[in-house]
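Dear colleague,

I am passing on a structure that I would like you to look over before we next talk.

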There are 2 protein chains.
Amino acid sequence: MLKEIWQRRLQLVEKTLLEELREDSALNAKLSDAMKYSLMAGGKRLRPVLLMAAADAVKSDGDKFVTTGAAIEMIHTYSLIHDDLPAMDNDDYRRGKLTNHKVYGDGLAILAGDGLLTLAFEVMLRQKDVDADKLVRVVREMSDAAGPNGMVGGQAIDLMSEGKLVSREVLREMHMAKTGALFKAAIRSGAILGGANENQLEALTLYAEKFGLAFQITDDILDVEGDEKALGKPVGSDEKNQKSTYVTLLSLEEAKKLAIQTVDEALCALDDFGDEAEFLRELATYLLARNS
Amino acid sequence: MLKEIWQRRLQLVEKTLLEELREDSALNAKLSDAMKYSLMAGGKRLRPVLLMAAADAVKSDGDKFVTTGAAIEMIHTYSLIHDDLPAMDNDDYRRGKLTNHKVYGDGLAILAGDGLLTLAFEVMLRQKDVDADKLVRVVREMSDAAGPNGMVGGQAIDLMSEGKLVSREVLREMHMAKTGALFKAAIRSGAILGGANENQLEALTLYAEKFGLAFQITDDILDVEGDEKALGKPVGSDEKNQKSTYVTLLSLEEAKKLAIQTVDEALCALDDFGDEAEFLRELATYLLARNS
């Protein structure tokens with residue numbers, strides 16, 4: 001089931017992304033190209049898919065909220081472009097392709113990131129079929145997740161800790177902000193749009209926290225024993241950059257155990273949900289088997 | 001009158017900015033410092049002041065909307081930090097102080113910009129006393145102005161045209177996007193928050209367009225004959241960077257004439273307004289006399 005739904009929704013997201021890019025055919029063709037280059041570079045669209053699955057879980061239809069899903073993918077892509085810059089992680093490859101600044105130069109890459117971040121807000125706010133109260137809540141989830149206490153804050157901690165040994169506590173705080181916050185925003189937004197009640201929202205928030213943690217642990221594991229071709233980037237980059245990871249702080253073995261335990265906790269958070277949360281369950285389980 | 005109101009509101013904006021920064025004491029102290037460094041570097045707070053003046057003009061009280069004003073100042077500051085980066089304009093000084101990246105390094109400067117942009121949305125969206133429909137309209141004005149068809153697009157054109165001779169048409173389009181769009185968003189947001197009707201909004205939009213153009217022309221004039229100390233940055237930087245400006249495309253004399261004519265058109269747009277638009281009128285006239 002997982003693969004079929006994912007594939008169908010991935011295509012829905014791609015179609016929506018292209019439509020929204022066209023809608024906004026930017027003032028400058030080169031800027032448009034740079035934005036499109038990274039946005040359409042073949043990501044898994046995990047965040048939009050999670051958003052839609054969370055709406056399903058509260059017995060709504062996730063497909064209806066693909067526009068907000070597309071917006072969150074823009075925010076994710078902006079963060080990748082900026083993180084890859086020479087002034088940050090200085091990465092040359094991403095998803096098997098040259099990074100944005102390697103193709104367009106640092107200046108335009110910074111602007112492509114800025115453009116995608118602002119476009120995400122435009123795209124969310126120009127929706128006509130979502131009522132204003134929900135829209136304000138959802139856009140606020142997104143800005144909080146992206147902001148100085150979310151992704152930007154996490155990336156700042158990351159930048160400051162390169163080459164330093166950090167504690168498991170700091171590592172956890174950094175990842176919760178840098179990647180966890182946007183997963184949480186995706187899942188909470190889907191739940192809010194789908195009409196979740198308070199109990200459901202709380203349970204899905206817990207699921208989201210566990211999902212984000214498990215994602216990060218498995219990400220660290222992949223950087224050690226993943227396949228470069230499937231990953232589309234060199235493995236061992238954490239070691240090269242002297243980054244603390246769950247693998248370096250624990251051990252490969254312990255990291256794998258923690259991943260399994262964390263996915264288990266994510267599944268437990270869904271105990272009160274019925275079959276409609278099956279896709280969310282499968283998405284958590286998938287983390288343990290992913291190869292990219 | 002102009003100076004007193006401006007000064008009082010400037011202080012109100014500064015107070016609000018500091019409160020909002022404290023509210024969000026970012027995850028990372030260094031990131032907070034970098035954001036605060038540029039945000040509290042003593043700008044004129046022209047955009048928030050315009051926003052408040054536009055609310056006054058429709059017989060509301062501009063002071064009530066200082067939070068949205070503070071948010072627009074964050075968006076403005078983000079754009080300055082990114083524009084100053086080595087990959088863009090490569091400026092060392094801004095408002096008489098070292099630019100953000102000269103103090104904090106390129107990586108943190110990029111993040112400080114990203115942080116201020118996202119914080120602006122957070123700040124707008126966490127307001128409790130603005131109804132959701134108005135909030136959606138205003139936040140949309142802001143994201144459209146900041147996005148790929150606004151500031152980011154204008155900056156991309158600017159980046160592409162360095163060292164090239166551009167036509168007056170391209171120059172106008174670039175400035176309308178790069179600086180004009182945010183002036184327009186400030187004034188329209190103030191009008192919307194203040195409860196403007198359609199005719200008022202249209203007139204204030206025209207005022208905003210003329211204001212933005214006059215601002216740019218006088219900016220180009222100041223880069224030629226301004227006082228470095230008052231400006232807080234070296235004059236002649238446009239020439240150094242081989243930038244096309246209204247002065248290089250026309251002549252100093254013709255640029256001055258065009259500035260006067262444009263301010264006149266801004267004032268005409270306010271013909272149907274009474275005394276309550278007096279501050280907006282003074283703000284337009286001020287452009288012709290400003291020294292920074």
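This is a predicted model: local features need pLDDT of at least 70, side-chain atom pairs count only at pLDDT 80 or more; totals for chains, interfaces and linings use all residues.

Residues are numbered from 1 along each chain as its sequence is written, and chains are lettered from A and ligands numbered from 1 in the order in which they are written.

Chain A has 15 helices and two strands, where helices (H or I, at least four residues) and strands (E, at least two) are DSSP runs numbered from the N terminus. Its radius of gyration, taken over C-alpha atoms, is 18 Å, close to the 19 Å that the globule rule (2.2 Å times the number of residues to the power 0.38) gives for 292 residues, so chain A is as compact as a globular protein of that length. Buried residues account for 54% of the 292 residues in chain A, a residue being buried if 20 or more other C-beta atoms, placed from the backbone, lie within 10 Å of its own.

Turning to the pair, chain A can be laid on chain B with an RMSD of 0.0 Å by a turn of 180° and a shift of 0.0 Å along the axis, the superposition being by least squares on the C-alpha atoms of residues with pLDDT of at least 70 in both. That is the relation of a two-fold axis, and A:A132 is the residue of chain A that comes closest to this axis, at 2.7 Å (C-alpha).

The contact (C-beta atoms, placed from the backbone, within 7 Å) takes 46 residues from chain A and 46 residues from chain B. On the side of chain A that touches chain B, helix 6 of chain A gives the most, with 13 residues. Of the interface residues of chain A, 100% are also interface residues in chain B, so the copies meet through the same surface.

Finally, helix 3 of chain B is mostly covered, with 12 of its 12 residues buried, among them B:R47 and B:D56. The elements that cover these buried residues include helix 1 (2–23), helix 4 (66–84) and helix 9 (168–194) of chain B. After helix 3 of chain B comes B:K59, whose phi is positive, near 65°.

With best wishes

Methods: Two residues are in contact if their C-beta atoms, placed from the backbone, lie within 7 Å.
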